[in-house]
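Dear colleague,

I am passing on the structure below, together with some notes on what turned up in it.

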Amino acid sequence: MDLKFSKVTRKGPITIVTLSRPEVYNALHIDAHFELNKVFDDFSADPEQWVAIVTGAGDKAFCAGNDLKWQAAGGKRGWDKGGFAGLTTRFDCDKPIIAAVNGVAMGGGFEVALACDLIIAAENATFALPEPRVGLAALAGGLQRLPRQIGLKRAMGMILTARHVSAKEGLELGFVNEVVPQGEALAAAERWAETITKNSPMSIRASKQAIQKGLEVSLEQAMTEQRDYPAVKAMAASQDYIEGPKAFSEKRPPKWLGR
């Protein structure tokens, strides 16, 4: 696929997706959303790719959100089924996705990060849902994910004031997993991804799906139904389910097949 607004790099089982509109702080418009939807469709469907990292081009921005200049000039708004950047309504991807936030993550950009499973932030990263300042609301997931991830009152404090939050405060609030020096977010995200790929990809997918589906229901229902979740059943039917215990008993590193 000919990419105009993003770049894709593969390092073994790790896919790195770079939002590439640095001239507008990697803000996204309709064409970028549709392109990124296809990028993440391809990642989701590729059995050889186990973990994805999303980051921004340059050293100033992860993603400044919706391209307001494009919108003000009459540009059409919208995105494909995966949502903003192909991620915010991608509820069927059981593979881990890591946000390497290398600068500002505003509005939709913050919503993209919140849609990822982990957030690794550079010290210069800044997060906000500033939509109320321009007559909008964070309807690409921010209003729903932030309260779930950091608690209602703390989320309300950010959302109603539209204030900017530093990487350090993001770590304290709980939506950031690690803060690293400026320029090192991607390298740190790769370190996390490499650690994840040492585990069975089938187990990782089963774990992510069980967490996501389990949070939607009561604890009792989740524990009753989790063995019937598709990714959990796939794990139990996979070669990895046999290889893991066998490698442990033979005191050797496992050879994961991911199927």
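Is E169 buried, partly exposed or exposed? E169 is partly exposed, because its relative accessible area is 23%, where buried means under 20% relative accessible area, exposed means over 50%, and partly exposed lies in between (1.4 Å probe, protein chains only).

Before going further, please note that this is a predicted model, in which local features need pLDDT of at least 70 and side-chain atom pairs count only at pLDDT 80 or more, while totals for chains, interfaces and linings use all residues. Residues are numbered from 1 along each chain as its sequence is written, and side-chain values use heavy atoms, with hydrogens and water left out.

**Salt bridges**

Side chains of opposite charge can pair when their charged atoms come close. With a salt bridge taken as a side-chain nitrogen of Lys or Arg within 4 Å of a carboxyl oxygen of Asp or Glu, the count comes to 10 salt bridges. One of them joins E169 to R163, with 2.6 Å from N to O, and R163, like its partner, falls in the partly exposed class, at a relative accessible area of 30%.

Another salt bridge is formed by E190 and K11, whose closest N and O atoms are 3.1 Å apart. This pair links distant parts of the chain, since E190 is in helix α7 (residues 185–196) and K11 in strand β1 (residues 6–11), 179 residues apart; here helices (H or I, at least four residues) and strands (E, at least two) are DSSP runs, numbered from the N terminus. E190 is buried, with a relative accessible area of 14%, whereas K11 is partly exposed at 43%.

Because E178 lies in strand β10 (residues 178–180) and R191 in helix α7, the pair ties together parts that are 13 residues apart in sequence. R191 is partly exposed, at 40% relative accessibility.

As for helix α7 itself, its 12 residues should span 16 Å at 1.5 Å a residue, and its end C-alpha atoms, 17 Å apart, agree with that; the expected span is 1.5 Å times one less than the number of residues. The buried residues in α7 include A185, A188, A189 and A193, as well as E190 and I196.

**Aromatic rings**

Rings of Phe, Tyr and Trp (its six-membered ring) are taken to pair if their centres lie within 6.5 Å, and planes under 30 degrees apart count as stacked, over 60 as edge-to-face and the rest as tilted. By this rule there are four aromatic pairs. F110 and F127 form a tilted one, at 5.3 Å centre to centre and with 55 degrees between the planes. F110 lies in helix α3 (residues 108–115) and F127 in strand β8 (residues 126–128), so this pair ties together parts that are 17 residues apart in sequence.

F127 also pairs with F175, and this pair is edge-to-face because the ring centres are 5.1 Å apart and the planes stand at 80 degrees. It links distant parts of the chain, F127 in strand β8 and F175 in the loop between α6 (167–173) and β10, 48 residues apart. F127 is buried at 0% relative accessibility, and F175 is buried with a relative accessible area of 3%. Together, F110, F127 and F175 form one aromatic cluster.

A ring also meets a charge, as the charged end of K95 sits over the ring of F43, 5.0 Å from its centre; this requires NZ of Lys or CZ of Arg within 6 Å of the ring centre and within 35 degrees of the ring normal.

**Backbone**

Most residues other than glycine have a negative phi, and most peptide bonds are trans. Phi of A85, however, is positive, near 60 degrees; A85 lies in the loop between α2 and β5 (97–101) and is buried, with a relative accessible area of 1%. K251 likewise has a positive phi, near 55 degrees, but sits in the segment after α11 (240–249) and is exposed, at 79% relative accessibility.
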